[in-house]
Amino acid sequence: MFTSLQIGLKLFAAVMTMMVAAMTCGCMSAAYGAYQVLPVPKLTIYPGDVISSGALGTKRFGSAAARLPVFRTPDGLIGKVARRTLLPGRPIPLNAVRDASVVQNGKQVRIVFESGGLTITGVGVALQNGGVGDVLSLRNTDSGVTIRGTVQADGSVKVSP
């Protein structure tokens with residue numbers, strides 16, 4: 001049979017073990033309770049600005065931040081472009097950034113049409129900016145016809161049949 005002192009010590013040891021585990025995972029501090037460390041801008045980042053590692057810091061937020069659709073690490077932010085103004089010290093929403101443009105408005109791009117074993121390439125002028133995977137409009141320089149295609153990683157635009 002255990003004495004009440006032994007039960008109290010075992011309970012205390014179990015609680016301390018759970019607290020140490022929570023502190024090592026980065027989601028709890030004995031002094032502050034539950035929290036989450038998130039990347040935040042150090043300075044105001046304006047729409048169209050490329051996000052660099054020097055523009056980011058971290059800040060501790062309460063447990064309510066765990067439910068927000070925001071970036072959890074700076075890795076997914078570096079090299080992205082702000083879609084809207086990002087304020088210092090505020091978490092960065094997932095929809096507030098986009099990939100950098102691979103194709104720029106008014107610049108020439110290679111157009112690629114593939115169907116079966118047939119591949120046709122041509123030159124067009126982009127009518128808008130676009131990142132990888134974006135569907136954008138461009139004008140075929142040979143025919144003058146406006147077409148739509150998907151931006152590829154190599155900077156070309158793939159037109160579907």
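Reader: Which residues does S137 touch, not counting those up to four places away in sequence?

Author: Contact means heavy atoms within 4.5 Å, and by that criterion S137 touches A126, L127, Q128, T146, I147 and R148, again not counting residues up to four places away in sequence. This is a predicted model, in which local features need pLDDT of at least 70 and side-chain atom pairs count only at pLDDT 80 or more, while totals for chains, interfaces and linings use all residues. Residues are numbered from 1 along each chain as its sequence is written, and side-chain values use heavy atoms, with hydrogens and water left out.

Reader: Is S137 buried or exposed, and which side chain does it join in a polar contact?

Author: Buried means under 20% relative accessible area, exposed over 50%, and partly exposed in between, with a 1.4 Å probe and protein chains only. S137 has a relative accessible area of 14% and is therefore buried. A polar contact is a pair of N or O atoms within 3.5 Å, where within protein one must be able to donate a hydrogen and the other to accept it, and residues adjacent in sequence count only if both atoms are side-chain atoms; the side chains of S137 and R148 are joined by one of 2.9 Å.

Reader: In which strand does S137 lie, and which strands form the closed barrel?

Author: Strands are DSSP runs of E, at least two residues, numbered from the N terminus, and S137 lies in strand 8, residues 135-140. Two strands pair if DSSP finds at least two bridges between them; the closed barrel has five strands, in the order 6-7-8-9-10, with mixed pairing. Neighbouring strands of this sheet are turned by 50° against each other on average, direction ignored, the axes being lines fitted to C-alpha atoms.

Reader: How do the strands on either side of strand 6 run?

Author: Strands of a sheet pair through backbone hydrogen bonds, either parallel or antiparallel. Strand 6 (residues 108-115) runs antiparallel to strand 7 (residues 118-126), with eight bridges between them; along this pair R110 has V123 as its bridge partner, and I111 stands opposite G122. In their hairpin, which has two residues between the strands, G116 takes a positive phi near 65°. Strand 10 (residues 157-159), by contrast, is parallel to strand 6 and joined to it by three bridges, with V112 opposite K158.

Methods:
Helix = DSSP H or I, 4+ residues; strand = E, 2+ residues; numbered from the N terminus. Axes fitted to C-alpha atoms, helices over the stretch in contact; angles between N-to-C directions.
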